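Here is a short report on one model.

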Amino acid sequence: MISIQSYLAEAKKHISDTGIVVIGNEAADLDSMASSLAYGYLLSLQDPRISVLPIMPIPRADFALRTEAVYVFKEACIDLNDVVFFDEVDFDKLMDNAKLVLVDHNKLASNLEKYNTRVVAVLDHHKDEGLYSAANPRIIETIGSTTSLVAGEFNRFNDEINRSLAVLIAGTILLDTVNLDDEAGRVTEADKEIAAQVLPLCPLSQQEFFDNVQKEKFNVAGLSTNDLLRKDYKEWQFATMKCGIGSALLPVSDWSEMDKDLAAGFAAFSKKQDLDVLLSMNAYTNPGFHRDLVLFCKSKDAHDALVSYLQEKGLDLTPLDLPVQKQGDSGFVGFYKQGNPGVSRKKLQPLLADFS
Ligand SMILES: [Mn+2]
């Protein structure tokens, strides 16, 4: 059987013949990237006549920001030269002939929506948006990690999960389920079954592997405010506002020490993306799980209106007392402790859609 490494090298070599593109969500987290590599590999094993190309939906330069992915890819012996990034292909030209497979999302990002009719398969664990009803397979299940669904497909077709693939899948499941911890509320029995299958193939113990991935995920040394915002970023055009939400993994108080002018950093990012609203959801353990929230709007009135709405929706926001400027030329930024840590970005997005 061809290895995942040789598969990726071949897929890149035959890029102009690509018949299927596999793509993860725009935040390009480890789950999205690992799932697209693994599922692309499976599709090519199933029909070697079709050239299947996984594309990472970020510029190559942004990969280095996803430190946990850098680490897991290295452990899995994935050669980054064989991985294709969005800024390295003429996507529109590829789409002249290629079909699309979505992993780790079930609605194309707004810049790719014109290819809605090309989607032929979906594997995901987000809220089902009810699209692509003819996709086959169309597997959208509440599960800890999309890589568990991909591994399930390897099992369903009796395709072997070899060592590199096992490392890719195990590292992602451990990260997505917080080391298979029931208390974190993410892991399912299906994730646990796949983990039990792939972990024995990994060179590290479960605890050691999890500790390493987790440490890399929270490694923000040397990152600028712009980097922290774009590291894990999603954007939506709602009815009356364009909204971007970053996910940064440090307390806002630490961030304000790294950058004395956070307001300017948020204003610049918001301007660059042409946003009405920019949020950062900061999740961290200390040692319990906590969330902070940063909210930048074009005016103080807009900011105050959105804060009142979020309070009605139960986020339980308390202003943080930070020695940072809040009002700039182009907007107003507020810094909050989010008393209700259960509201994640997945849950906040539909609330914002209703607000706009
Ligand atoms: Mn995911």
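Buried means under 20% relative accessible area, exposed over 50% and partly exposed in between, with a 1.4 Å probe and protein chains only. The model is predicted: local features need pLDDT of at least 70, side-chain atom pairs count only at pLDDT 80 or more, and totals for chains, interfaces and linings use all residues. Residues are numbered from 1 along each chain as its sequence is written, and side-chain values use heavy atoms, with hydrogens and water left out.

**Metal site**

The manganese ion has the protein donors Asp31 (OD), Asp104 (OD) and His125 (NE2), lying 2.2 Å from it. Donors are N, O and S atoms within 2.8 Å of the metal (3.2 Å for Na, K and Ca); water is not among the atoms, so sites may look incomplete. Along the chain, the donors follow the spacing D-x72-D-x20-H. Asp104 sits in the loop between E4 and E5, and His125 in the loop between E5 and strand E6 (138-140); this pair is 21 residues apart and links distant parts of the chain.

| Residue | Relative accessible area |
|---|---|
| Asp104 | 1% |
| His125 | 11% |
| Val294 | 1% |

**Strands**

Helices (H or I, at least four residues) and strands (E, at least two) are DSSP runs, numbered from the N terminus. Strand E4 (residues 99-103) is mostly covered, with 4 of its 5 residues buried. Two strands pair if DSSP finds at least two bridges between them. Strand E1 (residues 18-23) pairs with E4 in the parallel sense over 4 bridges. Here Ile23 has Leu102 of E4 as its bridge partner. E4 also pairs with strand E5 (residues 119-124), in the parallel sense and over 4 bridges. Val103 stands opposite Leu123 of E5.

**Val294**

Val294 belongs to strand E10 (residues 289-297). What does Val294 touch, leaving aside its neighbours within four places in sequence? Its contacts (heavy atoms within 4.5 Å) are Val252, Phe266, Leu278, Leu279, Ser280, Asn282, Val333, Gly334 and Phe335.

**Helix pair**

The axes of helix H4 (residues 67-75) and helix H7 (residues 163-176) come within 8 Å and cross at roughly 150°. Axes are lines fitted to C-alpha atoms, for helices over the stretch in contact, and angles run from 0 to 180 degrees between N-to-C directions. H4 and H7 are therefore roughly antiparallel, a term for angles over 145 degrees. The contact involves Glu68, Val72, Phe73 and Glu75 of H4, and Val167, Leu168, Gly171 and Leu175 of H7.

Note on methods:
Angles under 35 degrees count as roughly parallel, over 145 as roughly antiparallel, 65 to 115 as roughly perpendicular and the rest as oblique.
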